[in-house]
Amino acid sequence: MANQKPSNRLSRRGILTGAGAGGVAAVAAAMTTATPAAAAPGDPVLQGADNNAGTESTILRSTSDAATLDVRNTATVAVDATGFDAGVLGYSSNGNGVIGRSDIGYGVIGVAGDLGGIGVVASAPDEYSKTALSVRGQTRFSRSGLATVPAGANSVTVTGLHVYASTRALALAQRSTAVWVKAAVPNPATGELRLHLNAAAPAGGVPIAWWLLEA
């Protein structure tokens, strides 16, 4: 039996830290640039001021081929939206509800900040030709990896994992041999994943790709 630790290919802490820093920067910028003057309900929108629409909505309409509203910030966050039910709601009757694009970062980041939270939800009715998630290109999961059962051994243990009672494991050998993966057993008590072969691994060992998911 051999022990292996998964490589950290995507830093969740880095994403959270980056998102937090952006939010703090946006708040700080708003506090330092806003003036005491404020627009009351019914008044025109004032730049550099706190605009209060009261209980009414502010609606912008346009038939232009370009964006109805173009907000730019060359220093930090361009739009900081907060809402009780939704911070941002995007809808299109014949296109894309929300588009996220980035040259060097993440196009879209969803962060779950509390128990029961979900970073991103993709939803569609369980009906023909209605797809909840379509991934075009390579995918990467932080709760996956590759572990090798060395020659002569019949199992390998992956350590340092966050394993819960709801955690399930998938595993598949990455080499064609006479032996095969018999079981993939997550252990919440130890934070480990044990990968078992039906017999001892041949010379050169057997690499096994594994993936943890919640069910």
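1. Let us start with Val71, which sits in the loop that links strand E3 (49-51) to strand E4 (144-149). This is a predicted model, and in it Val71 is partly exposed, with a relative accessible area of 37%.

2. Together with Leu60, Leu69 and Val79, Val71 makes up a nonpolar patch. The accessible area of these four residues together is about 380 Å².

3. Now to the inside. The largest nonpolar core contains 18 residues, and Leu193, Leu195 and Trp210 have the most contacts inside it. At least two residues of this core come from each of E4, strand E5 (155-158), strand E8 (192-197) and strand E9 (206-214). The top contributor is E9, which gives four residues.

4. Leu193 deserves a look of its own. Setting aside neighbours within four places in sequence, Leu193 touches Val156, Thr157, Val158, Leu161, Ala169, Ala184, Val185, Pro186, Trp210 and Leu212.

5. A friendly word on confidence. The average pLDDT of the protein is 86, and 84% of the residues score at least 70. Residues 8-13 have a pLDDT below 50, and this stretch has eight contacts in the model beyond near neighbours in sequence. For residues 15-35 the pLDDT is likewise below 50, with 15 contacts in the model beyond near neighbours in sequence. Where pLDDT is low, the predicted coordinates should not be read in detail.

Methods: Residues numbered from 1 in each chain as written. Predicted model: local features only at pLDDT ≥ 70, side-chain atom pairs only at ≥ 80, totals over all residues. Heavy atoms only, no water. pLDDT = per-residue confidence, 0-100. Contact = heavy atoms within 4.5 Å. Patch = residues over 30% accessible without salt bridge, like charges linked within 9 Å, V, L, I, M, F, W, Y side chains within 5 Å. Areas by Shrake-Rupley, 256 points an atom, 1.4 Å probe, with all protein chains shown as cover. Salt bridge = Lys/Arg side-chain N within 4 Å of Asp/Glu carboxyl O. Buried < 20%, exposed > 50% of the residue type's maximum accessible area, 1.4 Å probe, protein only. Core = buried A, V, L, I, M, F, W, Y, C linked by side-chain atoms within 4.5 Å.
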